[in-house]
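Subject: Structure handover

Hello,

Here is the structure for you to look over. My notes on helix packing and salt bridges follow below.

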Amino acid sequence: MNMRKKGILIGININNKINFDESMIELKNLCQACEIDEIAQIKQNAKKVNSKFYMGSGKIKELRDLIIDKDVDIVVFNNELSASQIKNIEDEIECSVIDRTALILDIFANRAKTREAKLQVEIARLQYELPRIIDDNEDLGRQGGGAGLKNRGSGETKLELELRRIKDRIVNLNKELETVMSQREIQKSKRKKSSIPNVALVGYTNAGKSSVMNVFVEKFINNEDKKVFEKNMLFATLETYVRNIKLPDNRSFLLSDTVGFVGDLPHNLVKAFRSTLEEVCDADLLLHIVDISNPNYENHIKVTNETLRQIGAENIPSIYVFNKSDLIELDELSDDRILISAKNNIGIDELVESICKQIFADYINLKIEVPYIEAKMISYIMENEAIINFEYTENGVMFHIECSKVEYVKYKEFII
């Protein structure tokens, strides 16, 4: 049985908004992720918003005729609507209406797998609904203004109870989220103590972050269970996945895969997912993954950089990683940009080399001699440090290594 819906996409371009056409293409992709097939589009340029219908009354008539002609199930606006606007439009066209924010919330709700992600989505959904309940019940809020005490507040009481219920639910969800977050904070503090550099994958949704993560897992971990979910769809990853990447020379770094960004990402979602996104703020290096085959990739870079600015991660060193390079011809890139194809394993060695130059730049070149009696220390160095060379001497093992400043403290007494 086909459960897909037939939809009409509406875009009102207020004051010639830049990237309007791209935003409409993205809306179509968001609809596909929600199993809504685009039957038609209606676009309108306007200088200001129509307070009743958001769009002009002439376009409302055009929309109504299209719905009847095409037997449409749902109308999707690329703009964020108020509850009264949705109600007015639905009354006029006799068809369900949702806006871009509700669409993205629905996708996030369907994609959320972990308890933390589900809590974050639910909080964002309730925060989205809160002002709309007030807007939708505006008439109720004005009830009780007549003479006498008998009817005073009868409508307000119903509205206030509903608002209190939602606010209490948000408070309780936030408390539960804090508990889940505290468990992740413990894991984060352990990682910080280990002194292993942290590299985070960031970028627009569907740019290929999870594909890059899985290439590293396959190359350096070789464990299928450690791979993350990847699929050619928006917001395939909502959770943060961390993998320990151990290089052949024993140097290691943590690689984190994070939720993708999108244009006009609802503020409540950014706010709700701040705890997840703040994993990015702890990174020593960002790999900004860009789908170079997308004609709008430059705007995707801007959106990602703006989101990084919102969460306070704009000053973390970055490498621009242009993925899907096999799908397009490009001229030579600047030093901070690397061409790869995660799908075809192209450019990965160059990317690893570039990562190492950044995160191991302050590593200390050290010569030490560890006595044979320190067998545990010798074993630790053999398994964990980048060894340039070593030799057995009469008194112990002489190592020439590169190590972090934290590790350097351990070896000070053995320096020669």
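Helices are DSSP runs (H or I, at least four residues), numbered from the N terminus. This is a predicted model, where local features need pLDDT of at least 70 and side-chain atom pairs count only at pLDDT 80 or more, while totals for chains, interfaces and linings use all residues. Residues are numbered from 1 along each chain as its sequence is written, and side-chain values use heavy atoms, with hydrogens and water left out.

Salt bridges come to 20, counting a side-chain nitrogen of Lys or Arg within 4 Å of a carboxyl oxygen of Asp or Glu. Three examples follow.

- Arg125 pairs with Glu122, with closest N and O atoms 2.7 Å apart. They sit 3 residues apart in helix α5 (residues 115-136), so about one helical turn separates them. Arg125 is partly exposed at 31% relative accessibility (buried is under 20% relative accessible area, exposed over 50%, partly exposed in between; 1.4 Å probe, protein chains only).
- Lys59 and Glu62 meet at 3.3 Å, N to O. Both are in helix α2 (residues 57-70), 3 residues apart. Lys59 is partly exposed at 22%, and Glu62 is partly exposed at 35%.
- Lys357 and Glu353 meet at 3.9 Å, N to O. They lie 4 residues apart in helix α12 (residues 348-359), about one turn. Lys357 is exposed at 61%; Glu353 is partly exposed at 47%.

Shared partners also join Glu122, Arg125 and Glu129 into one salt-bridge network.

Best wishes

Key. Helices (H or I, at least four residues) and strands (E, at least two) are DSSP runs, numbered from the N terminus.
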